Amino acid sequence: MASLIKNLISILDAENQEYEILLELSKKKTPVLVKGDLDALREIVEQEQFYADKVANLEKMRMEVVTDIATVLNKEVNTLTVRTIVGLLKGQDKEQRELSQVHDKLKRTLKDMVVINDRNKELIQNSLEMVQFEINLINSARQIPETANYTKDAYSANSIIPGQIGGFDTKQ
């Protein structure tokens, strides 16, 4: 059991380190979003994907260790959380303290990531709204409004006279 707990602690610590890197990348992304630097944004997103893949692998390993701990403790794996495991480590003060510390550190990192990512999400949303506004502005500028430009025969000067199929008059 002690080796499973040590594995869990090391996996959670490794996850936290990867999330801290992702947090720094998210912080770098904020000014890039403000500037609208698409090349820098693409580079940051590629780096984020690399570290997100590493986190996914660590998460898979964490789930395997938690499943093994649940088996040893004869507990349901779906109800077993890190806090629950910390509570079950009575008498193993060192492991209990280490697991609690790494869990708390990971929670703080994830909380910080949520704040930064929400801010970045809002910046992206604002950028999308601005782009949509500009597209609408360009489209409306292309549409020339029909004005009261009538000829002496009461037809609009910009429209085709009935009876004419095309806009080209061969009689002229």
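How are helix 1 and helix 2 oriented to each other, roughly parallel or roughly antiparallel? The close-up views below begin with that pair of helices and then turn to salt bridges.

The model is predicted, so that local features need pLDDT of at least 70 and side-chain atom pairs count only at pLDDT 80 or more, whereas totals for chains, interfaces and linings use all residues. Residues are numbered from 1 along each chain as its sequence is written, and side-chain values use heavy atoms, with hydrogens and water left out.

**View 1. Packing of helix 1 against helix 2.** Helix 1 (residues 2-35) and helix 2 (residues 38-73) pack at an angle of about 160°, their axes lying 9 Å apart; helices are DSSP runs of H or I with at least four residues, numbered from the N terminus, and axes are lines fitted to C-alpha atoms over the stretch in contact, with angles from 0 to 180 degrees between N-to-C directions. The two helices are therefore roughly antiparallel, a term for angles over 145 degrees, while roughly parallel stands for those under 35. Their crossing is left-handed, that is, the near helix is turned anticlockwise from the far one by less than a right angle. The residues of this contact divide into 24 nonpolar, three polar and nine charged, where Asp, Glu, Lys and Arg count as charged, Ala, Val, Leu, Ile, Met, Phe, Trp, Tyr, Cys and Pro as nonpolar, and the others, Gly among them, as polar.

**View 2. The salt bridge between R62 and E15.** The closest N and O atoms of R62 and E15 are 4.0 Å apart, a salt bridge being a side-chain nitrogen of Lys or Arg within 4 Å of a carboxyl oxygen of Asp or Glu. Because R62 lies in helix 2 and E15 in helix 1, the pair ties together parts that are 47 residues apart in sequence. Both R62 and E15 are buried (under 20% relative accessible area, with exposed over 50% and partly exposed in between; 1.4 Å probe, protein chains only).

**View 3. The salt bridge between K54 and E18.** The N to O distance between the side chains of K54 and E18 is 3.5 Å, and the pair links K54 in helix 2 with E18 in helix 1, 36 residues apart. K54, at 34% relative accessibility, counts as partly exposed, whereas E18, at 10%, counts as buried.

**View 4. R62 and E59 within helix 2.** The side chains of R62 and E59 meet in a salt bridge at 2.4 Å, N to O, and, being three residues apart in helix 2, R62 and E59 are separated by about one helical turn. E59 counts as partly exposed at 29% relative accessibility. Salt bridges that share partners join E15, E59 and R62 into one network.

Note on methods: Angles under 35 degrees count as roughly parallel, over 145 as roughly antiparallel, 65 to 115 as roughly perpendicular and the rest as oblique.
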